[in-house]
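Trainee: Could you pick a single part of this structure and take me through it slowly? I'd like to follow how it is put together.

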Amino acid sequence: MNCICCNSNKFKNLVKFKKFPYLNTSVPIKSKVKEKFDQLNYLYCKNCYHIMIDPRPKASKLNSLYESFYSYVSPLANKNISPTRDNNFLLFVEPWIKKNKRYSKVFEIGCFDGYILSKLKKHFKYHEGYDPSNGAKIGKKFGLNIKKKFFDSNTIPKAKFDIIISRHVIEHIYNPRKFIKNILSIMNEEAVIIIETPNFEYFIENSKTECFSFQHVSCFNYFSLVNLFMKFGLIPFKKKINENLIIFFRKGNSTKLNLHNNKNIYSYINYKKKYINQKKNILNLISNNFDKTKKFLVWGAGGYAISLIYHFNIDVNKVLFFIDNNKNNKNKKFIGFNSEIKLPNSISNYLNNFDFILIASMYHNDILNQIKRLRIPTKVIILPSKVIQV
Ligand SMILES: [Zn+2]
C-alpha cells in the first residue's frame, strides 16, 4: 500500500473506533435499512501525514446509502438559516473572482442545491453544477443549471471551464488521482481550480474526533493536498488555512513545499493517548450525573451527535431520544435507535423521564440559551467537561 499523496509506504496507526455506523444521518422512521456497523480504523503516512481509512468499506455500499439518505438543509430553500461555511468561502473567494474578470465559465462539482453558484453566477457568462443528491432538484427549481449526477469519467461535461470549484468532495473520493485527471480534462489553459476540504491537521492538533466517519476516506492536510496536486502540474497560489483548507491551483511549475514542523508531528503521535483520556473523562462525566432515571436526552441530530456517541462508546440504551430544531428531522430516527427525533417543545412532557440533556452541537451556546428560554428545569452537559444547572 502506498500513500496517494506522496507514494510513501510507511504508515502508523492514528486511532481506532471499534464500532461505527456506515450511515450517520437520520432516516425516515419507517425505513427498513439494516443497521450496519464496522470498525473504523485510521492510519497516517509517516512522510506527509495524510490520513486514510484502512480497511476501506466498499464504495458501492456507501454510495447507495448516501444517494438515498444523504441530505443537508438547503440554504436556498430555507432563507432563515445562514450557512456559515458557505458564506466564509464566498467572503474569501468572491472578491478575487470580481478582480479577475477574464473568467467566463464556472463549474462546481458536488454543488448540492447550488447556493454558491447562485451567489457567483453574476460574475460569469455560463455556470454549471453537478450533484448526485436531491439538492440538485432544489437548485433546478431556483433556475440554476445543475445536473443530478456524480462527476466521473462517464459524465464529463462537454464545455471547458475557467473556474472549477469543488468543496467538501475530495475527502469522500476513493480515487482522488482519477478525480484530478477528470478535472484537468475540462480546464481551459488559464483555468483555476478552487478546492475546499477539511483540514485534518487542525482536528489532530485540537484533539477533535468529529471529523472521523466512513465518509471521510482521505483526510488531507495542506502539505498532502498540495503534494497530490503538484503531481499533475498544478501549483497552489492562494490559500486560506483554518479548520478547512481553501486552496487555489493553476497549471505551472512546481514550487518548494514547507515540511511539517515538530509541533505538528507530536500532535499525531500523541493523538491516540489524548483520545483515550478524553473518552474516560466523558464517560465519567456522564455516569457521575446520572440520577433517578439513568436516561438522558441528546440535543442535536446531526453527524456530530452520532460521532460523539460512537467515538466515545456512550451507551445508546441510555439515550431516551434526540432533540433537534430542524423540522426536516420530523418523523425521522437514527439507525440503531427506536425513538423518533423530537422538537424542543415536546421536552416538557418527559421531564421526569431523564436526568440531563447532553448538547451535541457546535452551536452549544445558542442551545443552552434556548433551554433557559424554554424554562426546562434540568442539568445540561456540554462536552468536554461543563455541567450547568438550568
Ligand atoms: Zn504521504
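Mentor: Start with one link: I359 has I382, in β17, as its bridge partner. Strands here are DSSP runs of E, at least two residues long, numbered from the N terminus. Before going on, note that this is a predicted model, where local features need pLDDT of at least 70, side-chain atom pairs count only at pLDDT 80 or more, and totals for chains, interfaces and linings use all residues. Residue numbers run from 1 along each chain, as its sequence is written.

Now widen the view. Strand β16 (residues 356–359) pairs with strand β17 (residues 379–382) in the parallel sense, over four bridges; two strands count as paired if DSSP finds at least two bridges between them. Both belong to an open sheet of five strands, in the order β14-β13-β16-β17-β18, with mixed pairing. At the edges stand β14 (319–323) and β18 (386–389); each has a single partner strand, so one side of each is left without a neighbour in the sheet. Neighbouring strands are turned by 25° against each other on average, direction ignored, with axes fitted as lines to C-alpha atoms and angles running from 0 to 180 degrees between N-to-C directions.

Five residues of domain 1 are in contact with seven of domain 2, contact meaning C-beta atoms, placed from the backbone, within 7 Å.

Key:
Contact = placed C-beta atoms within 7 Å.
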